[in-house]
Amino acid sequence: MDTSTFGIPLFDEAHAALAEQIQALMDGPDAEFEANLAALIDCLETDFRVEEELMEAIDYPALRSHREQHARVLATLHALTPGDLQAGRRVASLILPWFQLHLATADTALAIALQVAGRAANPAPPGLHQPPAAAASPAPAA
Ligand SMILES: [Fe+2]
């Protein structure tokens, strides 16, 4: 699965873990569906909580709409009837496209806002226009 990276380690690791959980839910056997669903919900709740704490920390203007997107997904997953594999698998098939759209829109906007907020909090010294990680990286071999 292609998941874009934001260059924010916490974000990227959390999203990679989520992508793995979604894949496990979709590809796993019926006997493991409930356990895989519980693991995905745990992973989503952790990821969403981290994002929402970051949004609060920077007083993010789109916090409410972003949080609402998270809440709708969790509400849908929590509303599934245990043992109803047909409904569970139908919902599971919708999570991946939702996740990809959410990454490409809401999470990307948040990542940009976090990077801007980080730069505002730690402005580069005069004359230094590269972020520290780029400035410290060796030039690629020709
Ligand atoms: Fe998000």
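Is the crossing of α3 and α4 left-handed or right-handed?

Guide: The crossing of α3 and α4 is left-handed, in the sense that the near helix is turned anticlockwise from the far one by less than a right angle (clockwise would be right-handed). Before going on, a caveat: this is a predicted model, where local features need pLDDT of at least 70 and side-chain atom pairs count only at pLDDT 80 or more, while totals for chains, interfaces and linings use all residues. Residue numbers start from 1 along each chain as its sequence is written.

For this pair, the axes of α3 (residues 63–78) and α4 come within 11 Å and cross at roughly 165°; axes here are lines fitted to C-alpha atoms, for helices over the stretch in contact, with angles from 0 to 180 degrees between N-to-C directions. That makes α3 roughly antiparallel to α4 (over 145 degrees counts as roughly antiparallel, under 35 as roughly parallel, 65 to 115 as roughly perpendicular, and the rest as oblique). On the α3 side, H66, Q69, V73, T76 and L77 meet V91, W98, H102, A106 and L110 of α4, contact meaning C-beta atoms, placed from the backbone, within 7 Å. By class, this contact has six nonpolar, four polar and no charged residues; Ala, Val, Leu, Ile, Met, Phe, Trp, Tyr, Cys and Pro count as nonpolar, Asp, Glu, Lys and Arg as charged, and the others, Gly among them, as polar.

Now the surroundings. The chain has five helices and zero strands, these being DSSP runs (H or I over at least four residues for helices, E over at least two for strands) numbered from the N terminus. Helix α2 packs with both partners. With α3, its axis comes within 11 Å and crosses at roughly 170°, so α2 and α3 are roughly antiparallel to each other. Residues in that contact include L44, F48 and E52 of α2 and H66, V73 and L77 of α3, and by class there are nine nonpolar, two polar and four charged. H66, V73 and L77 therefore turn up again here, having already been listed against α4.

The α2 and α4 axes come within 13 Å and cross at roughly 20°, which makes α2 roughly parallel to α4. This crossing is left-handed too.

F33 deserves a moment. It is in helix α2 and is buried, with 21 other C-beta atoms within 10 Å (20 or more means buried, 12 or fewer exposed, anything in between partly exposed). Leaving out residues up to four places away in sequence, F33 touches G28, L85 and G88. Its C-alpha atom is 8.8 Å from that of G83, 50 residues apart along the chain.

F33 also belongs to the largest nonpolar core, an 11-residue set that includes L18, I22, L37, I95 and F99; such a core is a set of buried Ala, Val, Leu, Ile, Met, Phe, Trp, Tyr and Cys residues joined through C-beta atoms within 7 Å. Helices α1 (9–27), α2 (33–57) and α4 (85–121) each give two or more residues to this core. I22, for one, touches L40, I95, L96 and F99, again not counting residues up to four places away in sequence.

How values were computed
Contact = placed C-beta atoms within 7 Å.
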